[in-house]
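Good morning, everyone. I have one model to show today, and I'll keep it brief. Here it is.

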Amino acid sequence: MSYSLDDKLTALASRDVSASLDGLEDSVWIAVQARRAAAGAGTGVRVAMTITALAMGLAFGHLNAPKPTHLSEMGVLSEDGLLAPSIRLGGGA
């Protein structure tokens, strides 16, 4: 028993739908206002958590920052340059 899409659309178009839309807009606006109020209640906590996460990220990034080392052009321009003994010992090329 297969139905085509045209048959289903024709059956849907022939239905008499008399839904009342009275008060729909008011109920939608009430729901929107309630969600907006609920979302705004936790804003302070979100801001505090965001600032805390940012501060922790900056602190750990500063503590684990690599120490500057002298690299010659060989270390900068070559893929394998950082494995050269002169670069590994800090002497440069």
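The protein chain has 93 residues, and 5% of them count as buried. Keep in mind that this is a predicted model. The accessible surface of the protein chain is about 8,700 Å². Carbon and sulfur atoms hold 64% of that area.

Now the secondary structure. We have five helices and zero strands. Reading from the N terminus, the order is α-α-α-α-α.

How far can we trust it? The mean pLDDT of the protein chain is 78. Residues scoring at least 70 make up 68%. Which helix has the highest confidence, and which the lowest? Helix 1 is highest, at 90. Helix 4, residues 73-77, is lowest, with a mean of 54.

So let's look at helix 1, which covers residues 5-14 and holds leucine 9.

Together with Leu5 and Leu12, Leu9 forms a nonpolar patch on the surface. The accessible area of the three together is about 330 Å².

That's my tour. Over to you.

How values were computed: Residues numbered from 1 in each chain as written. Predicted model: local features only at pLDDT ≥ 70, side-chain atom pairs only at ≥ 80, totals over all residues. Heavy atoms only, no water. Helix = DSSP H or I, 4+ residues; strand = E, 2+ residues; numbered from the N terminus. Buried < 20%, exposed > 50% of the residue type's maximum accessible area, 1.4 Å probe, protein only. Areas by Shrake-Rupley, 256 points an atom, 1.4 Å probe, with all protein chains shown as cover. Patch = residues over 30% accessible without salt bridge, like charges linked within 9 Å, V, L, I, M, F, W, Y side chains within 5 Å. Salt bridge = Lys/Arg side-chain N within 4 Å of Asp/Glu carboxyl O. pLDDT = per-residue confidence, 0-100.
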